[in-house]
Structures are given as structure tokens and as C-alpha cells.
Amino acid sequence: MHGALHAMATAIALPYALLAVCFAMVGELARARGLSGVVDALLAHAAWFVSWGVYLIPLASLAALSIAAAGFFSRLRRVAALSLIVLSGSSLLTIVLLHAGPLDSGHLLFLLPCVGGLLVSIWLFRRADQPAGAPAAA
């Protein structure tokens, strides 16, 4: 059960992490002055992606699979849950802080799965050392 919940929370957190990266890139483009600054920032990102993206995409895929798979091993559950807490929390924080304007009910509804994944990750972190059939300590 722990592994399945951890894998689902990882699958929920990954699109939010990608969205947070996009928000950070759009925020950098918004800070650029004028059209030449925007073009310069886009070309810098494109050059970085062409040179390092070849390594980044397989490495990010391997990291995501490692985080998801680590939840199935009892020795790695605490580390896996902690890494998922960091991933979900930082993604949620980045999206909320870089959002322009106040959050309305639609935005909060959109962020609800990420918050749910964060709460499940915290619960998994707290229960990581307990055996599968043990009752939860208060």
C-alpha cells in the first residue's frame, strides 16, 4: 500500500514540477527589458537546452523513476517520501509565489491534487518506519 500511494503521489507531483519550471522561465522572460531582452533570454534558454538537455531529459526521467520506485522498498521509504515532500512542496510554492494576482477558487481547485500529494507524502514520511500492518501512533 505504501508503494502504491507513493507511486501515485509521484505521478501527481511530476506535472506540477514541470509547471513550476515553466513558471520560473516565464518569470525570467517577464523580467527581460524589451523585445531584445526577451529574444536574448529565449536564445540563452535554447542554447542551454540544446547543450544540456540531452543529459537532462534522461537524468530527470531516471530521477522520477527512482523516486517512484524507492517507495516500494522499506529501507528507502523515508528518503523517498522526503524527496517527494521536497518536490511537491517546492513546486507548489513556486507556482503560488510566481502566480500573477490573487488565487481564486479555480486556481485553488487546480492546486488541490498537488496539496493532496504533499499531504500523502508527509503521511508516508511519518509512517515510513512502521510495519505495514501496525496501527498508527498518535
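**View 1. A nonpolar patch on the surface, with Phe49 among its members.** A salt bridge would be a side-chain nitrogen of Lys or Arg within 4 Å of a carboxyl oxygen of Asp or Glu. The areas follow the Shrake-Rupley method with a 1.4 Å probe, and for residues only the protein chains shown count as cover. This is a predicted model, where local features need pLDDT of at least 70 and side-chain atom pairs count only at pLDDT 80 or more, while totals for chains, interfaces and linings use all residues. Residues are numbered from 1 along each chain as its sequence is written, and side-chain values use heavy atoms, leaving out hydrogens and water.

**View 2. Phe49 and His45 in helix 2.** Helix 2 covers residues 34-70 and includes Phe49; helices are DSSP runs (H or I, at least four residues) numbered from the N terminus. With a relative accessible area of 43%, Phe49 is partly exposed, a class that sits between buried (under 20%) and exposed (over 50%), using a 1.4 Å probe and protein chains only. His45 also lies in helix 2, and its 23% relative accessibility makes it partly exposed. Follow the chain from His45 to Leu76, 31 residues apart, and you will find their C-alpha atoms separated by 35 Å.

**View 3. Helix 4 crossing helix 1 and helix 3.** The axes of helix 1 (residues 2-31) and helix 4 (residues 105-126) come within 9 Å and cross at roughly 140°. Axes are lines fitted to C-alpha atoms, for helices over the stretch in contact, with angles from 0 to 180 degrees between N-to-C directions. Helix 1 and helix 4 are therefore oblique to each other. Helix 3 (residues 77-98) has an axis that comes within 8 Å of that of helix 4, with a crossing at roughly 155°, so helix 3 and helix 4 are roughly antiparallel. For these classes, angles under 35 degrees are roughly parallel, over 145 roughly antiparallel, 65 to 115 roughly perpendicular, and the rest oblique.

**View 4. Tyr16 and Phe23 in helix 1.** Tyr16 belongs to helix 1 and is buried at 8% relative accessibility. Between Phe23 and Ala64, 41 residues apart along the chain, the C-alpha separation is 20 Å.

**View 5. Ser121 in helix 4.** Look along helix 4 to find Ser121, which is buried with a relative accessible area of 0%. Ser121 and Thr94 are 27 residues apart in sequence, and their C-alpha atoms are 18 Å apart in space.

Technical notes: Patch = residues over 30% accessible without salt bridge, like charges linked within 9 Å, V, L, I, M, F, W, Y side chains within 5 Å. Helix = DSSP H or I, 4+ residues; strand = E, 2+ residues; numbered from the N terminus.
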